[in-house]
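Morning, everyone. Please take a moment with the sequence and the model on the screen.

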Amino acid sequence: MTAVGAAVVVLLGLAAGALAGLFGVGGGVLMVPGMVLVLGFGQHLAQGTSLLVIIPTAIIGTYTHWRNGYVDLRRSAVLATGGILGAVIGGSIALGVDGVTLRRLFVAYLALTGFGMLLPKGTSVRALLTGSWRRGGRKAPAAGVDVEAAGPLEGEP
Amino acid sequence: MMAVARREDRAPRGDLVELLVVGFVAGILSGLLGVGGGLIMVPAMVLLLGLSQHAAHAASLAAIVPIALAGVLIFGQASQVDPVAGALLSLGAILGVRIGAQLMRRTEERRLRAAFGLFLIAMALLLVFR
């Protein structure tokens with residue numbers, strides 16, 4: 001890799017990280033398309049490399065939360081137990097399908113995430129299903145996918 | 001900044017099965033699509049277990065580390081991980097996340113979120129027609 005090439009890759013990481021931090025999404029949803037579209041990676045290689053990048057960024061995020069007293073190790077260990085099993089299955093499925101099929105699956109996930117961003121912040125799945133997110137505009141979001149809200153769940157008007 | 005988490009942010013014993021299932025579903029998504037899985041875990045824990053956003057984020061981030069590691073090992077065995085690109089991307093991403101978090105405090109978000117949503121949909125379309 002040339003110095004210019006390396007700089008492009010660092011900048012891609014910077015852009016993906018900044019957008020992820022700004023909008024509260026994970027880096028993977030930006031990193032994978034970035035690697036495919038900018039670096040010309042195949043879908044499998046982009047996804048595998050994305051998982052590698054997620055590790056140090058999640059460690060730093062965990063450290064910040066841990067310092068603030070929010071990390072419950074038992075809870076995370078149970079989540080991770082289910083998660084590791086799922087990741088082995090999910091990863092094996094990914095490696096078992098061709099790049100085109102895998103890309104289609106990823107595109108569906110990416111489009112859904114994009115659609116979610118078009119809804120008012122904090123729209124819960126329940127509010128979406130009942131249509132109540134339309135009423136009252138931005139003053140009436142139910143507690144749900146809101147990154148900032150730390151309030152109780154039953155906040156729906 | 002809170003020094004100590006609220007009492008209800010500690011896990012009661014009865015949440016075991018829910019946590020396992022939430023982790024499992026997020027793990028499948030993570031391994032299948034190369035993402036962290038936080039987008040599923042955080043709302044699931046808020047809605048199903050009644051956790052605060054902070055507690056859910058913290059639990060999700062800490063769990064993502066071993067989940068992503070499992071995925072890396074699976075993809076690595078098939079030579080589908082580029083360690084050099086990964087290291088360079090990580091360097092940029094670690095700096096970028098800080099910049100993004102700083103910007104978040106200053107921006108009026110509503111339109112920005114919609115623009116970002118359209119950007120993601122545009123990327124999805126680019127991937128389809130690539």
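Predicted model: local features only at pLDDT ≥ 70, side-chain atom pairs only at ≥ 80, totals over all residues.

Let's start with chain A. It has six helices and zero strands. Along the sequence the pattern reads α-α-α-α-α-α. Chain A has 157 residues, and 49% of them count as buried. Now look at its contacts between residues at least 6 apart in sequence. Of these, 45% join residues at least 24 apart.

Next, chain B. Here we have five helices, again with zero strands. The pattern is α-α-α-α-α. Of its 130 residues, 49% count as buried. For contacts between residues at least 6 apart in chain B, 37% join residues at least 24 apart.

Now to helix packing in chain B. Take helix H1, residues 16–33, and helix H2, residues 38–49. Their axes come within 10 Å and cross at roughly 160°. An angle over 145° counts as roughly antiparallel, so H1(B) is roughly antiparallel to H2(B). The crossing of H1(B) and H2(B) is right-handed.

Which residues meet there? From H1(B), we have Glu18(B), Leu19(B), Val22(B), Val25(B), Ala26(B) and Leu29(B). From H2(B), they meet Ile40(B), Met41(B), Ala44(B), Met45(B), Leu48(B) and Leu49(B). By class, the contact of H1(B) with H2(B) has eleven nonpolar residues, no polar ones and one charged.

Move on to H2(B) and H3(B). These axes come within 9 Å and cross at roughly 140°. That angle makes H2(B) oblique to H3(B). This crossing is right-handed too. On the H2(B) side, the contact is made by Gly38(B), Met41(B), Val42(B), Met45(B) and Val46(B). On the H3(B) side, the residues include Ala59(B), Ser60(B), Ala63(B) and Ile67(B). By class, the contact of H2(B) with H3(B) has nine nonpolar, four polar and no charged residues.

Keep Met41(B) and Met45(B) in mind. Now for the core. The largest nonpolar core holds 68 residues. Which of them touch the most other members? They are Leu30(A), Leu79(A), Leu110(A), Met41(B) and Met45(B). The largest share of this core, eleven residues, comes from helix H3 of chain B, residues 53–77.

Zoom in on Leu79(A). Leaving out residues up to four places away in sequence, Leu79(A) touches Leu19(B), Val22(B), Gly23(B), Met41(B), Met45(B), Ala59(B), Ser60(B), Ala63(B) and Ile67(B).

Another residue in chain A: Thr62(A). Find Thr62(A) in helix H3 of chain A, residues 43–67. Is Thr62(A) buried or exposed? Its relative accessibility is 14%, so Thr62(A) counts as buried. Again leaving out residues up to four places away in sequence, Thr62(A) touches Val71(A), Leu61(B), Ala62(B) and Val65(B).

Last stop: Ser79(B). Look in the loop between H3 and helix H4 (83–104) of chain B. For context, most residues other than glycine have a negative phi. As for accessibility, Ser79(B) is at 59%, so Ser79(B) counts as exposed.

That's the tour. Over to you for comments.

Notes: Residues numbered from 1 in each chain as written. Chains lettered and ligands numbered in written order. Heavy atoms only, no water. Axes fitted to C-alpha atoms, helices over the stretch in contact; angles between N-to-C directions. Helix = DSSP H or I, 4+ residues; strand = E, 2+ residues; numbered from the N terminus. Parallel < 35°, antiparallel > 145°, perpendicular 65-115°, else oblique. Left-handed = near helix turned anticlockwise from the far one by under 90°. Contact = heavy atoms within 4.5 Å. Nonpolar A, V, L, I, M, F, W, Y, C, P; charged D, E, K, R; others polar. Core = buried A, V, L, I, M, F, W, Y, C linked by side-chain atoms within 4.5 Å. Buried < 20%, exposed > 50% of the residue type's maximum accessible area, 1.4 Å probe, protein only.
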